[in-house]
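Look at the model first.

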Amino acid sequence: MKLHIGIIRGDGIGPEIVAEAVKVLEIIGTVFGHELQYEELLLGGASIDAYGIPLTEETVHCAKQCDALLMGSIGGNAKTSPWYKLEPSKRPEAGLLGIRKALNLFANLRPAVLYGELKEACPLKEEITAGGFDLMIMRELTGGLYFGARATQMEDGELTAHDTLTYHAYEIRRIAHRAFEVAQKRRKKVTSVDKANVLDSSRLWRNIVEEVAVAYPDVTLEHMLVDNCAMQLVKDPKQFDVILTENMFGDILSDEASMITGSIGMLASASLNETKFGLYEPSGGSAPDIAGKGIANPIATILSAALMLRFSFDLDREAAAIEHAVERVLQKGYRTIDIMSEGKEQVSTRKMGDLICDEISQIRQQSFE
Ligand code: IPM
Ligand code: MG
């Protein structure tokens with residue numbers, strides 16, 4: 001199969017972790033006989049440095065020609081980077097929001113899984129996490145506060161700022177359908193999270209989700225207020241299967257959910273539109289403090305490449321080969337510094353990528369024997 005992939009290396013640790021994921025994709029291409037063709041795209045700080053703006057029309061145009069995008073991370077240190085002296089609409093994050101909107105990537109899937117091998121890294125008490133947890137946050141990504149009108153102005157001699165939270169029924173409906181479809185392939189439960197005791201947009205959210213739920217009688221739907229959900233995530237994460245929520249709540253809850261796994265460097269994510277196209281990226285940020293040191297964990301990006309093979313190309317076997325290779329490397333005791341624990345062997349970003357590639361090549365040898 002021919003795979004045409006846009007590569008957004010991005011900022012901070014982005015280039016280092018993407019390099020390892022590309023290495024893994026190359027091995028997959030060799031082992032399973034696929035031809036990979038890459039398009040390098042600039043976004044965020046890297047695009048500001050080259051063109052003065054975080055997202056160019058050329059990047060959007062090239063991205064649309066690709067079958068899928070693999071991204072590292074966007075953004076820098078807000079205190080020290082010159083990018084943050086620019087007005088907000090020209091900063092790195094605006095590029096990310098711009099590409100999400102331009103490609104209509106409304107469905108953001110953010111899994112939070114407690115890996116058995118990495119139990120020690122989980123900050124929750126063992127009595128809470130015994131038996132593990134495996135939840136999926138489905139975050140609406142192209143509406144709400146992130147894209148509503150905003151401004152800062154003087155009012156009666158006082159600086160005043162506003163942001164607006166708008167949702168159209170169709171935006172809620174399409175992400176709700178996705179969430180129920182995802183739940184059907186999992187444990188068949190959707191928790192829709194809102195603030196319906198205060199916000200009109202949440203009351204509409206709740207009504208539309210209820211309407212959509214009728215088409216999925218095999219899936220249980222419950223509603224939860226966002227403040228309660230933040231609490232329940234640390235109190236009893238096992239209760240969740242799919243959490244469906246709007247853009248801003250999803251941003252906050254997905255960081256919380258990834259933190260309680262203790263291994264944000266392990267979590268992949270996918271942002272999808274109505275077609276097979278998607279943007280795949282690690283859940284963690286650009287970590288400018290460790291950029292260039294060769295110590296970042298590339299596993300989340302490598303697992304994002306696996307998600308890409310599965311969702312955008314229907315290459316389940318290839319995706320499973322990557323996931324299996326990651327598991328084997330962890331079982332053998334190799335760790336990057338963020339997931340390091342006593343008695344394990346600490347390795348660099350590059351070494352971790354090499355080890356995963358070796359495991360995948362061994363699959364080839366085994367299948368030839
Ligand atoms: C994320 C990030 C972005 C967001 C930032 C970088 C704009 O926090 O993907 O969660 O808020 O969506
Ligand atoms: Mg975030």
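Q: Which residues are around ligand 1?
A: This is a predicted model, where local features need pLDDT of at least 70, side-chain atom pairs count only at pLDDT 80 or more, and totals for chains, interfaces and linings use all residues. Residues are numbered from 1 along each chain as its sequence is written, chains are lettered from A and ligands numbered from 1 in the order written, and side-chain values use heavy atoms, without hydrogens and water. A residue counts as near if one of its heavy atoms lies within 4 Å. The residues around ligand 1 are Glu93, Arg100, Arg110, Arg139, Tyr146 and Asp251.

Q: How many residues of the shell around ligand 1 are charged?
A: Asp, Glu, Lys and Arg count as charged; Ala, Val, Leu, Ile, Met, Phe, Trp, Tyr, Cys and Pro as nonpolar; the others, Gly among them, as polar. The shell has one nonpolar and no polar residues. The charged count is five.

Q: What is the distance from an oxygen atom of ligand 1 to an N or O atom in the side chain of Arg110?
A: A polar contact is a pair of N or O atoms within 3.5 Å. For Arg100, a polar side-chain atom lies 2.8 Å from a ligand 1 oxygen. For Arg110, the distance is 2.7 Å.

Q: Why is Cys229 classed as buried?
A: Buried means under 20% relative accessible area, exposed over 50%, partly exposed in between (1.4 Å probe, protein chains only). Cys229 is buried because its relative accessible area is 0%.

Technical notes
Polar contact = N/O pair within 3.5 Å; in protein donor to acceptor, adjacent residues only side chain to side chain.
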